[in-house]
Amino acid sequence: MSSIPINVGDAFLIDTPPNGQHLYIAIAQTSDTKYLFVNITTRKPNSETVCILLPGADVPNFIVRESVVAYQYAREMDATILASLITSGSPIPKGNCSPAVLSKIQQGGLISKRLKNKYKTLLKSYLGIV
C-alpha cells in the first residue's frame, strides 16, 4: 500500500460522500503515523462559526469563498488511509495553511461544540495543553 507525506497544516482534497472532493487540513499529529484532519466547507446559515476562513494568501488557494471548519466531520487518518482517499488528479498536498491560520483552526477546535471529545483530547495533547 502506498502512503504520502503529511505535515501539520497541509490540505488534501479527499473523495468522500456525498459529493466527493472535500478539503481536509491536518491540524495535529496524534501518533507516529496518524493525524487529525478537519473539514473545510462553504459557510451556510447553520454552520458552526468558531473558525471562519476567508480567501487569501494564508489559506490554501482552494478556498475561494467564505468558509468554515466543519469540526463535526473531523477524522483521524494515517498516510496509507489518506492515500486511498485522495481525489484522483489532485495535487498532494492540495495546499497548506500559514502558522497563524493553523493556530486559528486548532484554537477553534478547542472551543467547538461539534468536535468529538476524543478528538479534542488528541488536539489538546498535541498542543501540550493536557
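Which strands each supply at least two residues of the lining of the largest pocket? Hi everyone, let's find out together. This is a predicted model, where local features need pLDDT of at least 70, side-chain atom pairs count only at pLDDT 80 or more, and totals for chains, interfaces and linings use all residues. Residues are numbered from 1 along each chain as its sequence is written, and side-chain values use heavy atoms, leaving out hydrogens and water.

The answer is strand 2 (22-29), strand 3 (34-42) and strand 5 (67-78), strands being DSSP runs of E with at least two residues, and helices runs of H or I with at least four, numbered from the N terminus. Strand 5 gives the most, six residues. The largest pocket holds about 510 Å³ of space. A pocket is an open set of points on a 1 Å grid over the protein atoms alone, where a 1.4 Å probe fits, with protein on both sides within 12 Å along at least five of seven lines; lining residues have an atom within 4 Å of a point. Of 26 lining residues, Asn39, Ile40, Thr41, Thr42 and Lys44 are the closest to the centre.

Now, the helices. Helix 2 (residues 99-111) and helix 3 (residues 117-127) pack at about 135°, axes 9 Å apart, with angles running from 0 to 180 degrees between N-to-C directions and axes fitted to C-alpha atoms over the stretch in contact. Thanks, everyone!

Note on methods. Points joined across faces, edges and corners; volume = space filled by probe spheres on them.
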